[in-house]
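Dear colleague,

I am handing over the structure that we spoke about, and below it you will find what came out of the analysis. Please read the notes alongside the coordinates.

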Amino acid sequence: MTSVADNLAVIRQRIREAALRAGRDPASVHLLAVSKTVPMERILDACRAGVNVFGENKVQEAVGKLESPGAADCRWHFIGHLQKNKVKYVVGRFDLIHSVDSIELAEKLNAESEKQGMVTNALIQVNVSGEASKYGVDPDHLGDLLRRSGALSGIAVKGLMTIPPYTPDAEEARKHFVSLRTLRDRMCEKAIPGVTLTELSMGMSHDFEIAIEEGATWVRVGTALFGERAG
Ligand SMILES: *Cc1c(COP(=O)(O)O)cnc(C)c1O
């Protein structure tokens, strides 16, 4: 296995070059290290190598990691499908939830956040491709979800997230990244109260450079950083 530090240096360079190619400030692109299935020991290696934000997609696995020694030195985002009955485990633990895709989930997060006296940062997951991906709000219903979420004081909507269907040719994903950015721009024009849409979470190991060219502010990178996942 190559070291996380070596992989990190390569990824950072690729992020930088993609940003510059697109005429963007490389500092406007953040790396989220997707650490699902990665053991805590290797996460802490990454932490020492300078990665500071990790993304987990399963509540139970994530909570176990967050409670282990050293976890408090890392920052954590939640990127997986979130069931409403698991909301109580994520509020207060994750800096950003990338996967809010219904008003029912937004309301649950809001209620739990209010109970804990805090505000939870969230992205709305959008199903821009219309097929393949099971989760994410339909683009036609995004405006309504943003308006209703914006009215909830326990959550702060910061932007949009998408997971395009996997295709071997990463260029195929570009149109979906363009769709997400275009939707964001359209929603910004509406100036929806309580909503800011500065963040675009899009791009994974095989297509993050294309996502950056199309405006990503968070790229979610797992295998390129940690190596192939077991199982
Ligand atoms: C697993 C996962 C990633 C990272 O995928 P890689 O191809 O390993 O980079 C990104 N986003 C989400 C939502 C994931 O579940």
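In what follows, Ala, Val, Leu, Ile, Met, Phe, Trp, Tyr, Cys and Pro count as nonpolar, Asp, Glu, Lys and Arg as charged, and the others, Gly among them, as polar. This is a predicted model, in which local features need pLDDT of at least 70 and side-chain atom pairs count only at pLDDT 80 or more, while totals for chains, interfaces and linings use all residues. Residues are numbered from 1 along each chain as its sequence is written, and side-chain values use heavy atoms, with hydrogens and water left out.

By class, the lining of the largest pocket comprises 11 nonpolar, 10 polar and six charged residues; a pocket here is an open set of points on a 1 Å grid over the protein atoms alone, where a 1.4 Å probe fits, with protein on both sides within 12 Å along at least five of seven lines, and lining residues have an atom within 4 Å of a point. Of the 27 lining residues, Lys-36, Asn-57, Ile-163, Met-204 and Arg-220 are the closest to the centre of this pocket.

An oxygen atom of the ligand is 2.7 Å from a side-chain N or O atom of Lys-36, and backbone N or O atoms of Gly-222 and Thr-223 each lie 2.8 Å from a ligand oxygen atom.

Best regards

Note on methods. Polar contact = N/O pair within 3.5 Å; in protein donor to acceptor, adjacent residues only side chain to side chain.
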